[in-house]
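Here are my notes on the model you sent over. Have the structure open as you go through the points.

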Amino acid sequence: MEIKTVSLSDIPVWILLSKEYDSYVQEIVPNLTEWYEGNETSPSYDSYMRSKISKNEAFMATGKNSMCYGIVAISKTNNNITFFAISHKSDFYKVGGFLLEHVLSMLNTKAAIKTNIIKSNAEQIQKQHTLFS
């Protein structure tokens, strides 16, 4: 497994990974159109991805045949983890730990690092709570 910086050509892969989490997002945002297209207070998902890519703040764990195992995006300015998703087909803790270790080396670990984790009892989301605690 290796980590690469996400590029514009990876956007379709990022969207597919994000869609693996749609059922959890729907627990808090019933209208996924707004989630992906944005609204007056939030940018579209496409704009968000492009912003992270242009700032070199998105990273993908890849493996055989360049398969995407997971993606993490950060904000160096705000010391945040802004996106964290591991493919349901991957070993969550192995891939998640690998990505988390990578981005922690880029963030200020002497200050609070913020992240948003969806409120859900779903196993995949509970794994995020465990990994981040």
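1. Start with helix α5 (residues 92–104), which lies across β1, β2, β3 and β4 and runs at about 155° to β4. Axes here are lines fitted to C-alpha atoms, for helices over the stretch in contact, with angles from 0 to 180 degrees between N-to-C directions. Helix α6 also packs on the sheet, where it touches β4 and β5, and its direction makes about 135° with that of β4. Contact means heavy atoms within 4.5 Å. Helices (H or I, at least four residues) and strands (E, at least two) are DSSP runs, numbered from the N terminus.

2. Some housekeeping: this is a predicted model, so local features need pLDDT of at least 70 and side-chain atom pairs count only at pLDDT 80 or more, while totals for chains, interfaces and linings use all residues. Residues are numbered from 1 along each chain as its sequence is written, and side-chain values use heavy atoms, with hydrogens and water left out.

3. Now the sheet itself. Five strands make an open sheet with mixed pairing, in the order β1-β2-β3-β4-β5. The edges are β1 (2–5) and β5, each with a single partner strand, so one side of each has no neighbour in the sheet. Two strands count as paired if DSSP finds at least two bridges between them. As a reminder, strands of a sheet pair through backbone hydrogen bonds, either parallel or antiparallel.

4. Going through the pairs: β1 and β2 run antiparallel and are joined by four bridges, with Ile3 partnered by Ala61 in β2. Strand β2 (residues 58–62) is also antiparallel to β3, through five bridges, and there Phe59 stands opposite Val72. Six bridges hold the antiparallel pair β3 and β4, and Ser75 sits opposite Asn80 in β4.

5. Is strand β3 buried or exposed? Eight of the eight residues of β3 (residues 68–75) are buried, so the strand is largely enclosed by the rest of the structure. Buried means under 20% relative accessible area, exposed over 50%, and partly exposed in between (1.4 Å probe, protein chains only).

6. Asn65, in the β2–β3 loop, has a positive phi near 55° although it is not glycine. Asn79, in the loop between β3 and β4, also has a positive phi near 55°. Most residues other than glycine have a negative phi. Asn65 counts as exposed, at 82% relative accessibility, whereas Asn79 counts as buried, at 9%.

7. Finally, the largest pocket holds about 750 Å³ of space. Of its 27 lining residues, Trp35, Tyr45, Thr82, Phe83 and Asn116 are the closest to the centre. On a 1 Å grid over the protein atoms alone, a pocket is an open set of points where a 1.4 Å probe fits, with protein on both sides within 12 Å along at least five of seven lines; lining residues have an atom within 4 Å of a point. Points are joined across faces, edges and corners, and the volume is the space filled by probe spheres set on them.

8. Which element gives the largest share of that lining? Strand β4 does, with six residues. At least two residues each come from α3 (32–37), α4 (45–54), β4 (80–86), β5 (114–115) and α6 (123–132).
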